Amino acid sequence: NGAMTKINSAMRRIAIAIYEAEINLVIHSLGGTIDVYIKPECVEIYVEDYGPGIENVELAMTKGYSTATTVAREMGFGAGMGLPNMEKVSDEFVIESTLNVGTKIKMVVNY
């Protein structure tokens, strides 16, 4: 039915958003947190990492752009699609980054 299709679509988008966020935490930062709030109309995801920050957020949002290390790339990560994918699957996407402090991302996925 239509309601289940909508919920299944939202669940897939939430899974992608969180997966991309956790991979970025592992390969680009010194650690951080992901907080998820399940609400009646949406899921809110807050990601905060501690690390180098993003020098140029606009460039980092470009499909294919990556600062991943060689080691990360050898493991199959660092294709430069993490941030663009997070934005694509979110109904709301906000990113703030400070050099030498870290990055904060808010994602909202509506049902």
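Which backbone oxygen does the side chain of Ser-90 reach? In this predicted model, the side chain of Ser-90 extends to the backbone oxygen of Met-86, at 2.7 Å. Ser-90 is placed in the loop between α4 (82-89) and β3 (92-98), and with a relative accessible area of 11% it falls under the 20% limit, so Ser-90 is classed as buried. When neighbours within four places in sequence are left aside, Ser-90 is in contact with Arg-13, Met-107, Val-108 and Val-109.

Arg-13, one of these contacts of Ser-90, also takes part in one of the 3 salt bridges that the structure holds. Its partner is Asp-91, and the closest N and O atoms of Arg-13 and Asp-91 are 3.2 Å apart. Because Arg-13 lies in helix α1 whereas Asp-91 lies in the loop between α4 and β3, this pair ties together parts that are 78 residues apart in sequence. Asp-91 counts as partly exposed, at 44% relative accessibility.

Another salt bridge joins the side chains of Lys-106 and Glu-92, with a distance of 3.3 Å from N to O. This pair links distant parts of the chain, since Lys-106 is in strand β4 and Glu-92 is in strand β3, 14 residues apart. Lys-106 is partly exposed at 23% relative accessibility, and Glu-92 is likewise partly exposed, with a value of 34%. In the salt bridge between Lys-39 and Glu-44, the closest N and O atoms are 3.2 Å apart; here Lys-39 is partly exposed, at 32%, whereas Glu-44 counts as buried, at 13%.

Strand β4 (residues 102-110) also holds Thr-103, which is buried, with a relative accessible area of 6%. The side chains of Thr-103 and Ser-97 are joined by a polar contact of 2.8 Å. Beyond the neighbours within four places in sequence, the residues in contact with Thr-103 include Val-47, Glu-48, Asp-49, Gly-53 and Ile-54, as well as Ile-95, Glu-96 and Ser-97.

The structure holds 1 aromatic pair. The ring centres of Tyr-37 and Tyr-46 lie 5.8 Å apart and the ring planes stand at 75 degrees, so the arrangement is edge-to-face. Tyr-37 is partly exposed, at 42% relative accessibility, and Tyr-46 is also partly exposed, at 29%.

On the surface, Met-4, Ile-7 and Met-11 form a nonpolar patch that has about 270 Å² of accessible area together. Of these residues, Met-4 lies in helix α1 (residues 2-28) and is partly exposed, with a relative accessible area of 43%.

Terms used
Residues numbered from 1 in each chain as written. Predicted model: local features only at pLDDT ≥ 70, side-chain atom pairs only at ≥ 80, totals over all residues. Heavy atoms only, no water. Phe/Tyr/Trp six-rings, centres within 6.5 Å; stacked < 30°, edge-to-face > 60°. Buried < 20%, exposed > 50% of the residue type's maximum accessible area, 1.4 Å probe, protein only. Patch = residues over 30% accessible without salt bridge, like charges linked within 9 Å, V, L, I, M, F, W, Y side chains within 5 Å. Areas by Shrake-Rupley, 256 points an atom, 1.4 Å probe, with all protein chains shown as cover. Salt bridge = Lys/Arg side-chain N within 4 Å of Asp/Glu carboxyl O. Helix = DSSP H or I, 4+ residues; strand = E, 2+ residues; numbered from the N terminus. Polar contact = N/O pair within 3.5 Å; in protein donor to acceptor, adjacent residues only side chain to side chain. Contact = heavy atoms within 4.5 Å.
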